[in-house]
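Take a look at the model below. We will go through one chain, then the other, and then the place where they touch.

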Amino acid sequence: MQSQPPRRPGELIFTLAMVGGSLFLLWSAYGIAGFEALSSPGAVPLVTTAVMAVCGLLILRDTLRKPAQTSETVARDILPMPVVVTIAMVGAYALLLKPLGFLPTSFLFLTVLIRFLAGYSLPRAALISLATVALIYLLFRVVFTVLMPPGIVPEGEILAWIKALFAGKGN
Amino acid sequence: MDILNSLLVPILDLKLLALIAIGTFAGIYVGAIPGLSVTMAVSILISFTFSWEVYPALALMIGIYMGGVYGGSRTAILLNIPGAPAAIATALDGYPMAQQGKAGEAIGIVTVVSFIGGFIGIIALAVFAPLLSDFAIRFQPRDYFLLGVLGILLVGSLSGESLVKGIFAGALGVGLGSVGMDPLTYTERFTFGTDGLRAGVSFVAVMIGMFGISEGLMQLHTVNTPSVKQKISRIVPSWAQVRKHLPLGLQTSSIGTIIGALPGTGGDIAALIAYDHATRVTRNPEVPFGKGAIEGLVAPETANNAAVGGAFIPMLTLGIPGDAVTAIMIGALFIHGLNPGPMLMIEQPDMFWFIVSALTLANVFMLIFGLTGIKAFVKIVEMPRAVLLPVILLLSIVGAYAVGNSLTDVYWMLGFGVFGYFMKLYGYPLGPVILGVILSRLLDDNWRRAIISDQENLWMLLKGTLASPLSLVLFASVVLIFLAKTPLWGLVFRKKAA
């Protein structure tokens, strides 16, 4: 007989959230056109969310049958500190991108994360971040012409300087 | 003559040639560095190349795809960490070879057989795609609908620990793809009255979140794993060695092409099936399988590279992705205003032959780059993940923002990234989600066309399905795959075997 893998910490909560979310979406799908017609705009969403709900319930049944994992903890195996800090940093990046601009936000993001994850000294992390941000900026802003929020940085002047540099007029 | 002209486009245009070379070179590194996946790289790349012309964007992505599938073998051999899922089987014999001091020999033979496999997959694409395309014109809407269901079911059943979780993930993807205004009736679907959802959820944000952010977060669990250093010996294999393994390589290339061409399956499954085939047909390997058998490298590596050409067959002829990367490429073609399917082959055959040519060039570049610069390569792969991961995350954020210059997309990306991370932790496959998003429109449109043409009568639709040989085969495949994963199947067949 095949042995069941144990239930990981938080797995039951996640599964319950999936079932709850599926049932909510099923109700929303019913609200699109009800059972109006098989070709209605709500037909495929209704079937899709019904499939999700049925699968969610089957997964919940299997999850409940699993023995609980005793050797794992949420803090160590599911949401360890590096993951929590990284998610918070990505959120903070999105918040600061518009007001601060791409260059300072990216520099701060990389410096903090490299210092935290790799344990490098602040000057070393800052130096690596500076070089990386400069490379990404040159590649994506100048070569791929991707527009990024300038924020507090006078980006127009920087771009003009780079262009002048490549045109042989930089001083 | 037109075909020849189209084939020559990437060869004569130096910019395109350079982009294919750069893509292949970058792909080898992307595929090799654990934590970077080809799917992740191609999804991030779409956001940066969406404003380009379609040929340069495709040239770069094709190079990354071809190089990346091969690159995964590098770390499988050197570190016993497959750089990509397609290289899982390669580690079984590659790493024992490296432990015996034959890392260079293993990399050399893998490079040459990957080239052979890749080439066979491309030939199959060039020969069979036009034939299938002619045939596909006769497909009814119900056939497309069944093909879409088959693709999601296949990838769901093969890529995760349970079929139910695979189906859940696929259905979630189809649901996500239907968010926004219905294109036929302009009815709002899953918008919850918010303006921001009327245009739908950004496909690129979902993709980068699911494949970039979630993978990056998963890698944080092992961020401080120290890198293992390997010494490199002889690299270029002898002709006698290549010739000896050619028959097996040709067999496993065919397996790879066929598996790659099945909707929803890709190089990882092809490689595992090919490895299994090699263990059965190789009577007396010089070294046992699992201990460093060359056959254990030849089989998966020919198969996974052959699967690249194979995966393009359903993508270009039917608009149905062969694997997650081709799913993303279909997304890229949509962004460039193209609609992959039989009509693309008829209306824009130059696009098809351009792809064939670009794949061939990428395969040649893979051979050249694969056999050179290995010692420098080993140093780069040893780069600490604690530095690499923040850079990948930054690229993901920039990529999500760049598509629509919208911070909302960054929040979507983060949301899907965290959601994808939990899905991975609890054993849900992510491939079916992205396949579902891509196939959502195809499923919805063709279901509605099919049922309208049968006067909204489910019984008539079923009768039509059973009366058409193609529909019947597709329908039977869907039912069989589903039944094969249920306890009922095991019960019946175990009883018979007993």
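Two residues are in contact if their C-beta atoms, placed from the backbone, lie within 7 Å. Keep that rule at hand. This is a predicted model, in which local features need pLDDT of at least 70 and side-chain atom pairs count only at pLDDT 80 or more, while totals for chains, interfaces and linings use all residues. Residues are numbered from 1 along each chain as its sequence is written, and chains are lettered from A and ligands numbered from 1 in the order in which they are written.

Start with chain B. Its secondary structure comes to 22 helices and 2 strands. Helices (H or I, at least four residues) and strands (E, at least two) are DSSP runs, numbered from the N terminus. Of the contacts in chain B with a separation of 6 or more, 79% link residues 24 or more positions apart.

In chain B, 61% of the 498 residues count as buried. A residue is buried if 20 or more other C-beta atoms lie within 10 Å of its own, exposed if 12 or fewer, and partly exposed in between.

Now pick out B:R385. This residue sits in helix α17 of chain B. B:R385 counts as buried because it has 22 C-beta neighbours inside 10 Å. B:V223 is 162 residues away from B:R385 in sequence, yet their C-alpha atoms are 5.7 Å apart.

Turn to chain A. Here there are 7 helices and 0 strands. Chain A has a radius of gyration of 25 Å, but a compact globule of 171 residues would have one near 16 Å. Its C-alpha trace spans about 70 × 50 × 30 Å along the principal axes. Buried residues make up 30% of chain A.

Finally, see where the chains meet. Here 48 residues of chain B are in contact with 49 residues of chain A. On the chain B side, α8, α17, α18 and α19 each give two or more residues. The largest share, 10 residues, comes from α17(B).

Note on methods
Rg over C-alpha atoms; globule rule 2.2 N^0.38 Å.
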